[in-house]
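Visitor: I am new to this one. Please show me the structure, and then I will ask how you know what you say about it.

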Amino acid sequence: QLQLVESGGGLVKPGGSLRLSCTASGSSGGISDYQYFAIAWFRQNPGKGREAVACISSIDGTTNYADSMKGRFTISRDNAKNTAYLQMNSLTPEDTAVYSCAAKEYYSCAYYFVEGDFTSWGQGTQVTISS
């Protein structure tokens, strides 16, 4: 498993942008194994279930997005820094949530990604979109 720490959340006006980071440490085989972990972002508001946002696969880096995020959000990763990113553009108040990253070893996001598949989770970072 990995230990994951999110950063980059904050208060942004509608139409603005944010970049979230998810930095990993402590994989059982050494952090060089980071490339073998898929990384996904999920978000949650109080009283609502967790919603899938985006995922980037292990090994080949295939990406997948929830429909409402396509064209606005971009997930990427820098394996040399053990960090994944979520670039969020054209933000609306409906994007307000706690955003959490999650990791799963040897996982492809190519066709789907669901929270129950992921075994390591960060604490989350608050994103608030308000004028």
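Visitor: What makes you say that Arg77 lies over the face of Tyr34?

Guide: A charge sits over a ring if NZ of Lys or CZ of Arg is within 6 Å of the ring centre and within 35 degrees of the ring normal. Arg77 is at 4.9 Å from the ring centre of Tyr34, and lies over its face. Arg50 does likewise with Trp121, at 4.2 Å from the ring centre.

Visitor: What should I keep in mind about the model?

Guide: This is a predicted model: local features need pLDDT of at least 70, side-chain atom pairs count only at pLDDT 80 or more, and totals for chains, interfaces and linings use all residues. Residues are numbered from 1 along each chain as its sequence is written, and side-chain values use heavy atoms, with hydrogens and water left out.

Visitor: Why is the pair of Phe42 and Trp121 called tilted?

Guide: Rings of Phe, Tyr and Trp (its six-membered ring) pair if their centres lie within 6.5 Å; planes under 30 degrees apart count as stacked, over 60 as edge-to-face and the rest as tilted. By this rule the count comes to five aromatic pairs. For Phe42 and Trp121, the centres are 5.1 Å apart and the planes stand at 45°, so this pair is tilted.

Visitor: Where in the chain do Phe42 and Trp121 sit?

Guide: In distant parts, 79 residues apart. Phe42 is in strand E4 (residues 37–44), and Trp121 is in strand E10 (residues 120–121). Strands here are DSSP runs of at least two residues (E), helices runs of at least four (H or I), numbered from the N terminus. Phe42 and Trp121 also belong to one aromatic cluster with Tyr107, Phe113 and Phe118.

Visitor: Is Phe42 buried or exposed?

Guide: Buried means under 20% relative accessible area, exposed over 50%, partly exposed in between (1.4 Å probe, protein chains only). Phe42 has 3%, so Phe42 is buried. Trp121 has 25%, so Trp121 is partly exposed.

Visitor: How many disulfides are there, and what makes a pair of cysteines count as one?

Guide: A disulfide is a pair of cysteine sulfur atoms within 2.5 Å. A search of the whole structure finds two. Cys22 joins Cys101, S to S 2.1 Å. This pair links distant parts of the chain: Cys22 is in strand E3, Cys101 in strand E9, 79 residues apart. Cys55 joins Cys109, S to S 1.8 Å. That pair links distant parts too: Cys55 is in strand E5 (residues 51–56), Cys109 in the loop between E9 and E10, 54 residues apart. With the bonded cysteines numbered in sequence order, the pairing is 1-3, 2-4.

Visitor: What is the handedness of the disulfide of Cys22 and Cys101, and why?

Guide: The torsion about the S-S bond is about 75°, so the disulfide of Cys22 and Cys101 is right-handed.

Visitor: Are these two cysteines, Cys22 and Cys101, buried or exposed?

Guide: Cys22 has a relative accessible area of 0%, so Cys22 is buried. Cys101 has 0% as well, so Cys101 counts as buried. Cys55 and Cys109 are also buried.

Visitor: How do you know that E7 and E8 pair?

Guide: Two strands pair if DSSP finds at least two bridges between them. E7 and E8 have six bridges, in the antiparallel sense.

Visitor: What makes E1 and E7 edge strands?

Guide: The open sheet has four strands in the order E1-E3-E8-E7, with antiparallel pairing. Strand E1 (3–7) and E7 each pair on one side only.

Visitor: Which residues are on the covered face of E1?

Guide: Leu4 and Glu6. Gln3, Val5 and Ser7 make up the uncovered face. In a regular strand the side chains alternate between the two faces of the sheet.
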